[in-house]
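Subject: Structure handover, ligand site

Hello,

My notes on the ligand site follow below.

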Amino acid sequence: MVFTHKQQNKLLLILGVTLLLVLACGQSGKNARQQFDDDSTLVFKHFKLANARQAFKKAIAQFEKNNPGVKVKEEILPSNTNIQHQFYVTSLEARSSDFDVFLIDVIWTPEFSLAGWLEDLSDLLPPEEQSDFFHAPIQADIYRGRLYAIPWYIDAGVLYYRKDLLQKYGFSPPVTFEELVNQAQVILRNEKRPDLNGFLWQGKQYEGLICTANEIISGFGGQIIDARGKVHLTDPATRQALQWLKDCIYLYKISPAWVLSADEESTRLSFLNGHTLFLRNWPYCWTFFQREDSKVRGKVGVTHIPALAGITGKSTLGGWQLAINRFSAKKELTKRLVSFLASPQMQLQFALEVGTKPTRKPLYQNPFLIKEQPFIVKLFPILENTIPRPVTPLYSQISQILQVEFSAILSNIRPVDKALKSAKVQIEHVLELEELKKEIEK
Ligand code: GLC
């Protein structure tokens, strides 16, 4: 076929326009897909949970399989709760939408909810389903009548002990503080092993120290702040509790000086390697102690934290919650991920594979879980009867004050009475300022 010059020009024009259209369509197709990729990738931020790498990967793969086209990217923070808190406060104050779903410590929910950083999750967990959960963490996640986070796993302080050593000396697990001290002293004296620690706990200047102190104070019959906001730091029970912890190091000599820099992991490792008689820690350790590489496999017992004779002490409530960043642009997808991770199936899977303790109570009757981890039967009443750290949006400020003062007591820098009085004055000041602010806002 022969074209005239005019026809050739017309043809070129048509070809050019078609090419542009094809390119444009391709480009917009690519943009659309790019858009789609970004929109369907969720960033899940959580801390480095011991023993949990594979479990997270597996859970995410399952979620992605159930939700074709959706991707979940994990971003992992260090496990120290103080460091995580700092990170989230900085990001969320800047209204960052860099992450969508995240794990929060049970003590942060009121603070983050008041700041407007958490998505309201009341619809995800209606009241009839909430009653399946342990009461204390649900209460800690409700702010002004709305649910802002879903309890994912629960923690409570427990006492691990060396069954074999206690048996050797004819002791049953200690129920009182006095028994714990006496048993540790007798065993340390007779074993004559310089590598053996009597009693380990988390004594470093960080949140873990407040968890330890909170339950020892409860064991002496006291509490830090009551429900009406009254500060009880100079009560005899609080003084005795801090004095007792201090005495464990300097007077009874059952806790080594390094407890002052000890956290959960360093104390767990010492016990795991056979160097410790009594250990205060969270339930996650149990799984590690039963593993084949554990030096204490089959030699470990678990019981509740001792108390003063005649007093039923309570363990500190700990644990982690699933929350949604209110600045996330992907609310529907985030809700799907949170519901999936909070489901009974996922809580069970993590309990079996990682050793985290479910927040859903019916799972404690699961025959398979009981067979794998028989101690959960004994743990259940401890988990049901915990003592929370003060539930208030001001908790972080209060805890900062306590960390400094408790640490000064234990390191012998400040006398018990002086430090507790100073902490009381500072905390009352924080609470008064808050009251004043509320008055002004009215
Ligand atoms: C555990 C607890 C958490 C607590 C922290 C202190 O992670 O679950 O609630 O604040 O230990 O170290």
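A polar contact here is a pair of N or O atoms within 3.5 Å. This is a predicted model: local features need pLDDT of at least 70, side-chain atom pairs count only at pLDDT 80 or more, and totals for chains, interfaces and linings use all residues. Residues are numbered from 1 along each chain as its sequence is written, and side-chain values use heavy atoms, without hydrogens and water.

- E264: a side-chain N or O atom at 2.7 Å.
- D105: a polar side-chain atom at 2.6 Å.
- W282: a side-chain N or O atom at 3.2 Å.

The ligand has 310 Å² of accessible area on its own, and the protein covers 93% of that (Shrake-Rupley method, 1.4 Å probe).

Now the shell. Among the residues around the ligand are T81, D155, Y206, G318 and R389. The shell divides into 5 charged, 4 polar and 3 nonpolar residues, with Gly counted as polar and Trp and Tyr as nonpolar.

Which elements supply at least two shell residues each? They are α9 (207-219) and β11 (317-324), from DSSP runs of at least four residues for helices and at least two for strands. β11 gives the most, with 3 residues.

Domain 1 (41-155 + 318-387) and domain 2 (156-316 + 390-441) both give residues to the shell, so the ligand lies between them. The bounds come from an automatic or database domain assignment.

Best wishes

Notes
A residue is near a molecule or strand if one of its heavy atoms lies within 4 Å of it. A polar contact is a pair of N or O atoms within 3.5 Å; within protein, one must be able to donate a hydrogen and the other to accept it, and residues adjacent in sequence count only if both atoms are side-chain atoms.
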